[in-house]
Amino acid sequence: LKLQFLYLIGSAGRGGYRDRATMAEQQQPTPVNPLPKQRQEHYQQRMNKESQNAKEIQKKVAKFQSKQQQLMLQKQENEMVSNELVIMEEEAVVYKLVGPVLVSQEVDDAKNIITKRLDYINSEIKSLETNLKNANNDYEGAKKAINKVQEDFRAEIEQMLKSKQ
């Protein structure tokens with residue numbers, strides 16, 4: 001007990017109580033970037049450009065995904081209507097909402113309209129899936145470009161450090 005007490009007093013007298021992590025941080029030299037300021041700015045500009053490109057692509061992807069969700073909901077609604085029209089009798093009366101007015105419509109006409117609408121929605125979904133796939137590929141390319149800038153930066157720093165040795 002006495003030794004520990006003396007040790008604490010001794011360490012307090014030499015600058016206070018410090019934990020080992022703080023002492024280790026103080027002993028390690030701070031890393032120095034050997035690149036000239038102009039080269040650092042060059043890499044910073046490249047990184048900013050590639051990051052901005054990636055953000056724009058992410059916005060596109062989000063927009064495509066939102067549109068895809070809307071189309072999927074429309075498809076589900078129209079499929080439900082189509083299923084209802086299939087089980088309806090031929091002499092049944094179908095009403096279509098046009099603005100604030102309900103207008104009567106023949107069952108066959110309603111089936112044709114819904115079928116055409118479903119075909120259109122399906123073609124839009126396929127087109128959107130292609131655009132979404134392309135945008136995701138573009139995003140992967142943007143991520144690779146960012147990694148390339150980082151690798152180039154590291155390689156140039158390593159080369160500078162080796163040349164100074």
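Axes are lines fitted to C-alpha atoms, for helices over the stretch in contact, and the angles between their N-to-C directions run from 0 to 180 degrees.

**Figure 1. Overall organisation of the predicted model**. The protein comprises four helices and two strands. Read from the N terminus, its elements follow the order α-α-α-β-β-α. Of the 165 residues in the protein, 19% are buried. Among contacts in the protein with a separation of 6 or more, 72% join residues 24 or more positions apart.

**Figure 2. Packing of helix H3 against helix H4**. Two packed helices are described by the angle between their axes and the distance between the axes. Here, the axes of H3 (residues 37–87) and H4 (residues 107–164) come within 7 Å and cross at roughly 160°. Because angles over 145 degrees count as roughly antiparallel, H3 is roughly antiparallel to H4. The crossing of these two helices is left-handed. The contact of H3 with H4 contains 26 nonpolar, 12 polar and 13 charged residues.

**Figure 3. The largest nonpolar core**. This core has 17 residues, of which Val 61, Phe 64 and Leu 71 touch the most other members. H3 and H4 are the elements that contribute two or more residues to the core, and H4 supplies the largest share, nine residues.

Definitions and conventions: Residues numbered from 1 in each chain as written. Predicted model: local features only at pLDDT ≥ 70, side-chain atom pairs only at ≥ 80, totals over all residues. Heavy atoms only, no water. Parallel < 35°, antiparallel > 145°, perpendicular 65-115°, else oblique. Left-handed = near helix turned anticlockwise from the far one by under 90°. Nonpolar A, V, L, I, M, F, W, Y, C, P; charged D, E, K, R; others polar. Core = buried A, V, L, I, M, F, W, Y, C linked by side-chain atoms within 4.5 Å. Buried < 20%, exposed > 50% of the residue type's maximum accessible area, 1.4 Å probe, protein only. Contact = heavy atoms within 4.5 Å.
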